[in-house]
Amino acid sequence: MNAGEAWRRSVDVHTHFVPETLAPMPPWAPAHMWPSIAPAECACHRHVMIDGKNYRTVTDQCWDAGKRKADMEAMRIGMQVVSPMPELLSYWMPGPACAVLHRDLNEQMARLASTHPDRFAALGAVPMQDLDRAIEELEYLAGTLGFPGVEIGSNVNGEPLGLPKFQPFFAAAERLDLCVFVHAIRPAGVDRLVGPASLQQALGFPSEIGLAAASLITGNVLARHPRLRIAFSHGGGTLAMLLPRLENAWQRAAEIKESMLASPTLQAQRMYYDDLVYDAPTISLLLDRFGAGQVMIGTDYPFRVMDREPVERLESLGLDAALRDAVYGDNARRFLGR
């Protein structure tokens, strides 16, 4: 395929879904925690209500397959990988209620993906605060819905993903051959930010996702699960800059080397990363630090922070044909197991 048409095989691994409606709250669920979808002033918008407040106003691009397809053509994206808006992961809810919410989300995403299976794939949600139910939903995603993977948050109610308690989840994902996409959620350090709350996305998310990725390295998750396919949003956040420091510490500090089963750099180069860094030279850094086979397109569609020109940004790098095809879509298909 020539350079002008290569985008038709491109895959955007970082796009989000919000349903037009959500399952009604079970009578036994905590009312103040259950999210809901409310009408907005414009018929094509909805308010996502959480704890009685408007968390975000979204457009019908979030659930309308036709509008998504039209936007994909304009952005030169061949396939979108759809995952829930992270706040709908709702880890702060009791596990049984969260499982009901996630089942509804997963089935709605399955219906969207089924409208154009050549253009959409879906990553499901599971209640990570209740690992038994999370693994049960993983089985449903793999066996009934046929999803290629799952989205999880970068922490579970403040607990890092690299803790031993989460090992059964990663073991199950590996066993079921499901990929895992890690998205920043409720970042640490927001008390240090000066300015509007939306700075959480601009500044908090990169720090949060970098620490999440580092926790999987220092927690030996990759070393214990060699077939696990796991990716990180926002270019892996700060990990690209943290990695040389961590590698140096591993080589020079005996207690760190003893605690980690393999080189941090080698572990990081087994993980995947989207290229949502809004800057071509920084994408070059990701390719150099993590490897040409580990970086994928990610846009954060359809939210206002999305990268609206992902293919143009990659084109500006002057990649050779093999590297271009890898980043456009081949790496994503390998991550998805397709």
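Which helices and strands each supply at least two residues of the lining of the largest pocket?

A: The model is a predicted one, and the values that follow are computed from it. Four elements each give at least two residues to the lining of the largest pocket, namely strand β4 (53-59) and the helices α5 (199-218), α7 (239-252) and α10 (280-290). The space inside this pocket comes to about 870 Å³. Its lining is made up of 41 residues, and those closest to the centre of the pocket are Q200, Q201, A202, F205 and V305. Sorted by class, the lining holds 22 nonpolar residues, 14 polar ones and 5 charged ones.

One of the residues closest to the pocket centre is V305, and with that number in mind we can turn to the loop between β13 (295-296) and α11 (310-315), where T299 is found. T299 counts as buried because its relative accessibility is 0%, and buried means a value under 20%. The side chain of T299 is joined to the side chain of D12 by a polar contact of 2.4 Å. Leaving out residues up to four places away in sequence, T299 touches D12, H14, T15, M75, L276, M306, D307 and P310. The loop between β13 and α11 is also the place of P302, and the peptide bond that joins Y301 to P302 is cis, with omega at about 0°. Most peptide bonds are trans, and most residues other than glycine have a negative phi.

D51, which is not a glycine, has a positive phi of about 55°, and D51 is found in the loop between β3 (45-50) and β4. R186, also not a glycine, has a positive phi of about 40°, and R186 lies in the loop between β10 (179-183) and α5. D51 has a relative accessible area of 46% and is therefore partly exposed, while R186, at 43% relative accessibility, counts as partly exposed too.

V156 is buried, because its relative accessible area is 3%, and buried means under 20%. When residues up to four places away in sequence are not counted, V156 touches Y91, M128, Q129, L161 and F166. The C-alpha atom of V156 is separated by 13 Å from that of L88, although the two residues are 68 residues apart along the chain.

Terms used: Residues are numbered from 1 along each chain as its sequence is written. This is a predicted model: local features need pLDDT of at least 70, side-chain atom pairs count only at pLDDT 80 or more; totals for chains, interfaces and linings use all residues. Side-chain values use heavy atoms; hydrogens and water are left out. Buried means under 20% relative accessible area, exposed over 50%, partly exposed in between (1.4 Å probe, protein chains only). Contact means heavy atoms within 4.5 Å. On a 1 Å grid over the protein atoms alone, a cavity is a set of points where a 1.4 Å probe fits but cannot get out, and a pocket is an open set with protein on both sides within 12 Å along at least five of seven lines; lining residues have an atom within 4 Å of a point. Grid points are joined across faces, edges and corners, and a volume is the space filled by probe spheres set on the points. Ala, Val, Leu, Ile, Met, Phe, Trp, Tyr, Cys and Pro count as nonpolar, Asp, Glu, Lys and Arg as charged, and the others, Gly among them, as polar. A polar contact is a pair of N or O atoms within 3.5 Å; within protein, one must be able to donate a hydrogen and the other to accept it, and residues adjacent in sequence count only if both atoms are side-chain atoms.
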